[in-house]
Amino acid sequence: MSFLGIFKSSIIMPRGVYEEIINHARESYPEECCGVLIGATYKDKRVFEVQRAKNTNTERARDRYIIDPRELNFIDKVARTQGLDVIGFYHSHPDHPDKPSQTDRELGQPGYSYIIASVKKGKDVSLRSWIFEEADEPFKEEKIKVGNY
Amino acid sequence: MAIKIRIPTPLRKLTNGADEVMAEGGNITEVIEDLEKNYPGLKERICESDGKLRRFVNIYLNDEDIRFKKNMETELKDSDEVSIIPAIAGGL
């Protein structure tokens, strides 16, 4: 929870997880990739691993993504056996900014972290994380912290 | 009949943070009615006003989408696990 909206909340992940999202975004270019953030929330939100998901929106894979709910149900069940939880998702924006689009906001779900990877010309990738808590709130940025634990 | 219900993050504010709750009922509709008694507001997040499943919500009985079974009338038995799975999508 941010203090008076001044400080960003944060999401922490190991270097390998951060690089896996970047690699997936590059490999999928010029189409959008998507995946699931698996972790836990203690004082901070921590990602322990990511699972790549298939983008099932094959007709508009360059500008839309859909995660198959069957795949998500399976990933959630496996996470639970490890004492972990689905805490959010990632997807890429080929040649577009790492900010949520209107489509992202309209289809977004409260409480999940949404990491967006901007991929420029299939090479340069930047990541930012976003979240909203209530249905009528806009996305707010979460600070991504990369470190081992 | 007690059924275990998996609650996704977006609905946990309505279950006091619980990621799993128990509910009574012989089919999906009955279970959701029972959930609503204990966790007011949950039903309208899952169902349209006519009781049908919302478009951006999926319900899985064990590993099967209830839309491919008997939908809201899908019958349940004691060891069943019901998961509420939000639709995850977006794009440019």
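This is a predicted model: local features need pLDDT of at least 70, side-chain atom pairs count only at pLDDT 80 or more; totals for chains, interfaces and linings use all residues.
Trainee: Why is chain A called as compact as a globular protein of its length?
Mentor: The radius of gyration is taken over C-alpha atoms, and the globule rule is 2.2 Å times the number of residues to the power 0.38. For 149 residues the rule gives 15 Å and chain A comes to 14 Å, which is close, so the description holds. Chain B passes too: with two helices and six strands, its radius of gyration is 12 Å, close to the 12 Å that the rule gives for 92 residues, so chain B is also as compact as a globular protein of that length.

Trainee: How do you know that strand 2 and strand 5 of chain A pair, and in which sense, parallel or antiparallel?
Mentor: Two strands pair if DSSP finds at least two bridges between them. Strand 2 (residues 34-41) and strand 5 of chain A have six bridges, so by that definition they pair, in the antiparallel sense. Within that pair, A:I38 stands opposite A:V86 in strand 5. As background, strands of a sheet pair through backbone hydrogen bonds, either parallel or antiparallel.

Trainee: In what order do the seven strands of chain A close into a barrel?
Mentor: The order is 1-3-2-5-6-7-8, with mixed pairing. On average, neighbouring strands there are turned by 35° against each other, direction ignored.

Trainee: And what makes some strands of the open sheet in chain B edge strands?
Mentor: The five strands run in the order 2-1-5-3-4, again with mixed pairing. Strand 2 (20-24) and strand 4 (64-65) of chain B each pair on one side only, and these are the edge strands. Helix 2 of chain A packs on this sheet as well, touching strand 3 (57-61), strand 4 and strand 5 (81-86) of chain B, and its direction makes about 120° with that of strand 5 of chain B.

Trainee: What makes helix 2 of chain A stand out on the side of chain A that touches chain B?
Mentor: The contact takes 25 residues from chain A and 16 from chain B. Helix 2 of chain A gives the most to its own chain's side, with five residues. That side divides into nine nonpolar, nine polar and seven charged residues, where Ala, Val, Leu, Ile, Met, Phe, Trp, Tyr, Cys and Pro count as nonpolar, Asp, Glu, Lys and Arg as charged, and the others, Gly among them, as polar.

Trainee: How do you know that strand 4 of chain A pairs with strand 6 of chain B?
Mentor: Four bridges join strand 4 of chain A to strand 6 (residues 88-91) of chain B, in an antiparallel run.

Trainee: Is B:E44 buried or exposed, and why?
Mentor: A residue is buried if 20 or more other C-beta atoms, placed from the backbone, lie within 10 Å of its own, exposed if 12 or fewer, and partly exposed in between. B:E44 has 12 C-beta neighbours inside 10 Å, so the residue counts as exposed. B:E44 lies in helix 2 (residues 42-46) of chain B. By the same rule, 38% of the residues of chain A are buried, and 32% of those of chain B.

Trainee: What makes a set of residues a nonpolar core, and how many residues has the largest one?
Mentor: A nonpolar core is a set of buried Ala, Val, Leu, Ile, Met, Phe, Trp, Tyr and Cys residues joined through C-beta atoms within 7 Å. The largest has 54 residues, and those with the most contacts inside it are A:L37, A:F89, B:I5 and B:V31. Strand 6 (residues 113-120) of chain A brings the largest share, five residues. Leaving aside neighbours within four places in sequence, A:F89 is in contact with residues including A:L37, A:I67 and B:I88.

Conventions
Residues are numbered from 1 along each chain as its sequence is written. Chains are lettered from A and ligands numbered from 1 in the order in which they are written. Two residues are in contact if their C-beta atoms, placed from the backbone, lie within 7 Å. Axes are lines fitted to C-alpha atoms, for helices over the stretch in contact, and angles run from 0 to 180 degrees between N-to-C directions.
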